[in-house]
Amino acid sequence: SMQGERLEAAKRELTNTITQLPADRHFNLVVFNHRVNTWRTELAPAAAATKQEAIQYVGYLRAVGSTATYDALEAALGFDVEAVYFVSDGQPTDGKIVDPGDILVALRRINHTRRVSIYVIGVAPGAVGNQFDCFLHQLAQQSSALYRRVQQ
């Protein structure tokens with residue numbers, strides 16, 4: 001579903017986030033559809049050259065398959081991070097756990113001692129208060145983070 005304007009909006013949000021990373025931070029990119037891929041096997045320093053490589057990687061992203069939300073978040077939480085920036089435009093449709101309520105419960109279990117903030121960016125999430133919008137809001141809220149809606 002993340003094609004055309006939606007994909008461009010997601011790329012824009014990712015690029016802005018990468019650009020704003022302070023040089024003393026480390027980061028990685030976890031890309032997901034029906035499967036999960038990571039840009040690097042370890043966190044990379046947010047040096048100017050590395051950020052440029054990441055932005056180039058984002059530029060090559062294409063829309064493929066379904067949405068393995070849980071698997072992507074599980075992979076992101078596998079890194080030693082303080083925060084995750086999660087960008088999605090659609091309901092979970094694939095992966096180990098698909099039901100939004102079950103995803104929230106599983107992530108609470110995984111994250112309850114680490115307390116990683118999961119900042120959520122919903123790309124064209126539909127009407128305020130719909131099931132997907134509520135899921136994204138709850139995902140951010142349960143990790144003491146923010147949820148932002150982005151239209152195309």
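Reply: Happy to. A nonpolar core here is a set of buried Ala, Val, Leu, Ile, Met, Phe, Trp, Tyr and Cys residues joined through side-chain atoms within 4.5 Å, and buried means under 20% relative accessible area. Please keep in mind that this is a predicted model.

The largest nonpolar core has 25 residues, and V84, F86, V120 and L139 touch the most other members. At least two residues of this core come from each of helix 3, strand 5 (83-88), helix 4, strand 6 (117-123) and helix 5 (131-141). Another core, of 11 residues, lies apart from the largest one and includes I18, L21, W39 and V58.

Now look at two of the contributing helices. The axes of helix 3 (residues 69-77) and helix 4 (residues 100-111) come within 11 Å and cross at roughly 10 degrees. Angles under 35 degrees count as roughly parallel, so helix 3 is roughly parallel to helix 4. On the helix 3 side, T69, Y70, L73 and L77 make the contact, and helix 4 brings I103, A106, L107, I110 and N111. By class, that contact has 7 nonpolar, 2 polar and no charged residues.

Finally, follow the chain out of helix 4. R115 sits in the loop between helix 4 and strand 6. R115 counts as exposed because its relative accessibility is 68%, and exposed means over 50%. Its phi is near 60 degrees, a positive value in a residue other than glycine.

Conventions. Residues numbered from 1 in each chain as written. Predicted model: local features only at pLDDT ≥ 70, side-chain atom pairs only at ≥ 80, totals over all residues. Heavy atoms only, no water. Axes fitted to C-alpha atoms, helices over the stretch in contact; angles between N-to-C directions. Helix = DSSP H or I, 4+ residues; strand = E, 2+ residues; numbered from the N terminus. Parallel < 35°, antiparallel > 145°, perpendicular 65-115°, else oblique. Contact = heavy atoms within 4.5 Å. Nonpolar A, V, L, I, M, F, W, Y, C, P; charged D, E, K, R; others polar. Buried < 20%, exposed > 50% of the residue type's maximum accessible area, 1.4 Å probe, protein only.
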